Each structure stands twice: as structure tokens, then as C-alpha cells.
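Please work through each task with the sequence and the structure in view before reading its solution.

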Amino acid sequence: MRERCRVEETIYNMQQTGPENLQVISDFDMTLTRFAYKGKRVPTTHNILDNRLLIDENCTKKIKKLLNTYYPIEIDARLSTEEKLPLMVEWWTKVHKLLMEQKIRKDLLAQAVRESPSKLREGYKMFFDHLAEQNVPLLIFSAGIGDVLEEVIRQNHVFHPNVNIISNYMDFDHTGVLQAFKGQLIHTFNKREGALAHAAHLTELKGRQNVLLLGDSLGDLTMADGVSNVQNTLTIGFLNDQVEERKELFLNSFDIVLVKDETLEIPNFYCTVMHKTAYLETHGMETLF
Ligand code: TMP
Ligand code: MG
């Protein structure tokens, strides 16, 4: 934390108005899902499609090559968002075009997710269940693939009614074959436009002036830009990769930075104290983090 006092004050203020005034906005890939497991990278929603059921070997090779070219750019601390933006559009556009050529079948997506080593962060069940129990809306805002994302949370039994998703959704033809992607493309650095176009209209979020925001990219910080009348925002950033190079940048941008933390322990802790005033009184603010 760069400003511990500000964090404590924000949490205190949020606590005063309770879970009825809270909304959670979270990124998905590498924020709600793990970055790595047992030394291996965990697939993002795009990479879950890397299954012979859905795409051929040649397409896999091309998508991997694009990942190796553009992912280092996405996380490069020396480049500005403006410099990255057109390159991200290029990456997503190329990958989506390749996917559309593959005639991906909707009815095979669930099996591909089941067969993938996809993994939500440790503590995910408590995170999703707790927010649902407290009727706190959870908006998942992802530049990944919405259909795959839904299947991941469904198969983990946490696709509760309080969950809304904004993402890139596949458009299937009448035979169930991928023909296009719906709506405006969402990539890592245009979430602000998505927020203004979609999140601002979600009625369940109206009147909830406290926002907990979770992300793993500086682009994720704009996910709450569609929320009107925000009183308090607490942002938590997962710093998964290029840690030393990006630490300063993250500390200057997120209220709390979690370094190589594969769990949702801190967000869970926050959600717990949000409705348990007694917890703070007993333990004192110092023991919070
Ligand atoms: P997110 O908004 O849910 O984090 O999803 C975006 C992530 O997806 C971003 O960090 C890069 C990643 N990605 C891939 O892993 N493979 C791809 O082919 C593309 C286009 C993005
Ligand atoms: Mg992410």
C-alpha cells in the first residue's frame, strides 16, 4: 500500500454504509483466475480454446505466436497506454479472425473448459458465495471471451444471480458455429468505453456508491468509469508478472497491490469486514492487512 491511511479511511467509510451500498467490479483473466499453478501458466479464456476439439494445430501455433509477440507489449512498463492501444486492437483482431476461421462449435465449449487446466484463484468460492449472500452485485468485466468465462464460473458452481458480465461474446449461426464476435471489441485498454456503454446502464448497480475494484492491469482501473455518484473506491491490483519493473507503477495506481498472490484472501477479508463491524472493533485496523 502506498497510502495505508487512505486505505483504512476508505474501508472505514465503506463500512459505515454497509454491503447495501457496495458493488464489486472485477477483471477476470489473471485476476479472478490464477496466473500460474505448480509452475505452469494457467490458461486465459482465449487460451482455453486451445483444444483440438475446437481449433487445429496450425491455428494454435499462430495464436501462440501472437501471444508471444503482444503479451510482452501489454505488460511493458516502458510503454504508455496510448502506445499500447493500437497494438492491443491489432492482437485481439488477429486472434478473433483466426478463431472465426475455425468453425468453433458452441456445443463443444463446455467440454473444452472441462478439459482445460483453468483455475480460479484460491478462495474463489468464499468470494463469489459471500457476495451473493450479501446481495452485492459483482460485475465481471473481461477482455477475454464471455462464453468461455461463463462456462468456467458455471463449472465451478459460482455463477450466482448477482453476477453480471461484460465481455467479448461469440456470435453463433443457426447451426451453432462461430461466425463473428458480438458488439464492440473489448481489449485490455478500452474498458472505459465498455464501462460507459454497458455498465452505466445496469440498474442493479445504480445507487451503490461504494466500489471495490479488482484487476491485474492498469487498463482495469477504468472499469468503474461508468458508475455515477461514486463516494468511495478501493482498488486492488494483482501484480503477477514483471514484478520489479511494474511495482512502482502499480503502487502509484492501485490502493493495494498484491504481489504474486494466487489467492483471493485480501478481497475476501475486505468483504468480510464490510458487514462485520464487530470484527474491526475486536481486532483494530492494524490487523486488517
Ligand atoms: P481480462 O480482461 O479478463 O484480463 O482478459 C484479457 C487478457 O487476455 C489479457 O491480459 C491478455 C489475454 N489474452 C490471451 O491470453 N490470449 C489472447 O489471444 C488474447 C487476445 C488476450
Ligand atoms: Mg486480466
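A polar contact is a pair of N or O atoms within 3.5 Å; within protein, one atom must be able to donate a hydrogen and the other to accept it, and residues adjacent in sequence count only if both atoms are side-chain atoms. This is a predicted model, in which local features need pLDDT of at least 70 and side-chain atom pairs count only at pLDDT 80 or more, while totals for chains, interfaces and linings use all residues. Residues are numbered from 1 along each chain as its sequence is written, chains are lettered from A and ligands numbered from 1 in the order in which they are written, and side-chain values use heavy atoms, with hydrogens and water left out.

**Exercise 1.** Describe the polar contacts and the cover of ligand 1.

Begin with the backbone, where a polar atom of Asp29 lies 2.8 Å from an oxygen atom of ligand 1 and a polar atom of Gly144 lies 3.4 Å from an oxygen atom of the ligand. Next, turn to the side chain of Lys191, which has an N or O atom 2.9 Å from a ligand oxygen. Then consider the cover: of the 480 Å² of accessible area (Shrake-Rupley method, 1.4 Å probe) that ligand 1 has on its own, the protein covers 99%.

**Exercise 2.** Which residues surround ligand 1, and how do they divide by class?

With a heavy atom within 4 Å as the criterion, 16 residues surround ligand 1, and the closest are Asp27, Asp29, Thr44, Ser142 and Ala143. Sorting this shell by class gives seven nonpolar, five polar and four charged residues, where Ala, Val, Leu, Ile, Met, Phe, Trp, Tyr, Cys and Pro count as nonpolar, Asp, Glu, Lys and Arg as charged, and the others, Gly among them, as polar.

**Exercise 3.** Characterise the largest pocket.

The pocket is an open set of points on a 1 Å grid over the protein atoms alone, with protein on both sides within 12 Å along at least five of seven lines, and its lining residues have an atom within 4 Å of a point. About 670 Å³ of space lies in the largest pocket, a volume being the space filled by probe spheres set on the points. Its lining comprises 30 residues, of which Pro43, Thr44, His46, Asn47 and Leu67 are the closest to its centre. Finally, ligand 1 sits in this pocket, in the sense that more than half of its atoms lie within 2 Å of the grid points.

Key
1 Å grid on protein atoms, 1.4 Å probe; cavity = no way out; pocket = protein on both sides within 12 Å on 5 of 7 lines; lining within 4 Å.
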